Amino acid sequence: MNDILIQNTTLFFKEKFGNEPQKVVLSPGRINIIGEHIDYNDGYVLPAAIDKIICFAFEKNNSKKSRIFAIDLNDEFEVDLTKEIQLSNVVWTNYILGVIKQLQDNGFSFEGFNCVFSSNIPVGSGLSSSAALECGMLFGIAALFNLTINKVDIALLGQKAEHWVGINCGIMDQFSSVHGLENKVIKLDCKTLEFEYHDANFSDYVLVLFDSNVKHSLFTSEYNTRREECGTGLSIIKNYFPEVKSFRDCTEDQLLSIQDKMDATVFKRVHYVIKEISRVAQACNALDKGNIELLGQLLFETHDGLSKEYEVSCPELDMLVAIAKEDDSIIGSRLMGGGFGGCTINLIKKGEENEVKNKFSSLYLDIFGIELKFYDVKIANGTSLYNL
């Protein structure tokens, strides 16, 4: 599938600009295996780059202007690099303008270029197509003009570009898009950016995302509320246990000993966070030992916490996970991402995925009248140059 995407993108470039591209860059989306809603709670996340990508083709054009064409949108724009970069009314262009602005603001020198890009990352599915766009564009400009930018800085510049667009994202998406390795997950400390790889050998299983095709509008307001509730909970914990600096220092026993000192809702939020931080460590241990069944069990536990304690699920996602729990072909399932819609991530016994898809498709349509989408994903390499 990626081979066809690369072929079509490079062919389009040649037809558009009359030349073979000088650089071709592949930039992936990402999944998060476990560690949900704890990036802003000083926990660890366990993301991985996937084999759904954006393919970019670049050339220098020996001018002060850059022309960028989005094949999938059949749309293009031109940016004058001598003028101040400002937000545009055309949303997709802002991510690229943000990248150019970050490079200029950080003192990198480059000139005009032509670029076309095309993607097979499903947009709006929580697979971080925006991070793939930012990191791929950064990587391509750096390669084209011999700019020395390390991987961590590409991720940070991509994050700043997204903040400039107006989306206050964490670092996980850009970091995993750049640092991904085939069949490895990344245990990332979002606070210090320290990270380590763990083997993700799912040999007898496949990863399939079930896209609920719903997105409830609660996300932004509820997200902010969760952050406040966690902050309140952490303050109370610190009052009783001054040695605790963040949730990662707090044990479940400590929390349970002061349960009556905090509001019931705040307790639920904090209990989920402390348990989820522990689950990330257990998941790494399970992967190191090749115990994929245990990893699957941890996914179910995470969903339970996200649904009942953190309360960021919805009926559609809960139904998908409840049925998965009863299905012998599925060893783990949970909502992935912010919640209130989007995808569930599922570990399915290899060879049984088509039967599972047919069953879930039919049930979901019967219950909600909505078509379920499926994305088969493999853990793959991060943003890289493609050898022409």
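In helix α10, the residues Pro-315, Glu-316, Met-319, Leu-320, Ile-323 and Ala-324 meet Lys-359, Phe-360, Leu-363, Tyr-364, Ile-367 and Phe-368 of helix α11, where contact means heavy atoms within 4.5 Å. By class, this contact of α10 with α11 has 10 nonpolar, no polar and 2 charged residues. Here Ala, Val, Leu, Ile, Met, Phe, Trp, Tyr, Cys and Pro count as nonpolar, Asp, Glu, Lys and Arg as charged, and the others, Gly among them, as polar.

The model is predicted: local features need pLDDT of at least 70, side-chain atom pairs count only at pLDDT 80 or more, and totals for chains, interfaces and linings use all residues. Residues are numbered from 1 along each chain as its sequence is written, and side-chain values use heavy atoms, with hydrogens and water left out.

**Helix pairs**

Two packed helices are described by the angle between their axes and the distance between the axes. Axes are lines fitted to C-alpha atoms, for helices over the stretch in contact, and angles run from 0 to 180 degrees between N-to-C directions. Helices (H or I, at least four residues) and strands (E, at least two) are DSSP runs, numbered from the N terminus.

| Helix pair | Angle | Axis distance |
|---|---|---|
| α10 (residues 315-326) and α11 (residues 353-368) | about 140° | 11 Å |
| α3 (residues 129-144) and α4 (residues 151-165) | about 125° | 9 Å |

The angle of about 125° makes α3 oblique to α4; angles under 35 degrees count as roughly parallel, over 145 as roughly antiparallel, 65 to 115 as roughly perpendicular and the rest as oblique. Ser-130, Ala-131, Glu-134, Cys-135, Leu-138 and Phe-139 in α3 meet Ile-154, Leu-157, Gly-158, Ala-161 and Glu-162 in α4. This contact of α3 with α4 has 7 nonpolar, 2 polar and 2 charged residues.

**Annotated span**

An unreviewed UniProt entry lists residues 94-180 as "domain: GHMP kinase N-terminal"; such annotations may be inferred rather than shown by experiment. The span is 59% helix and 8% strand, and its end C-alpha atoms lie 25 Å apart.

**Positive phi values**

Most residues other than glycine have a negative phi. Asn-62, which is not a glycine, has a positive phi of about 55°. Asn-62 is placed in the loop between β3 (47-60) and β4 (65-70), and at 72% relative accessibility it counts as exposed (buried means under 20% relative accessible area, exposed over 50%, partly exposed in between, with a 1.4 Å probe and protein chains only). Asn-213 has a positive phi near 60° and is placed in strand β9 (residues 205-215). With a relative accessible area of 35%, Asn-213 is partly exposed.
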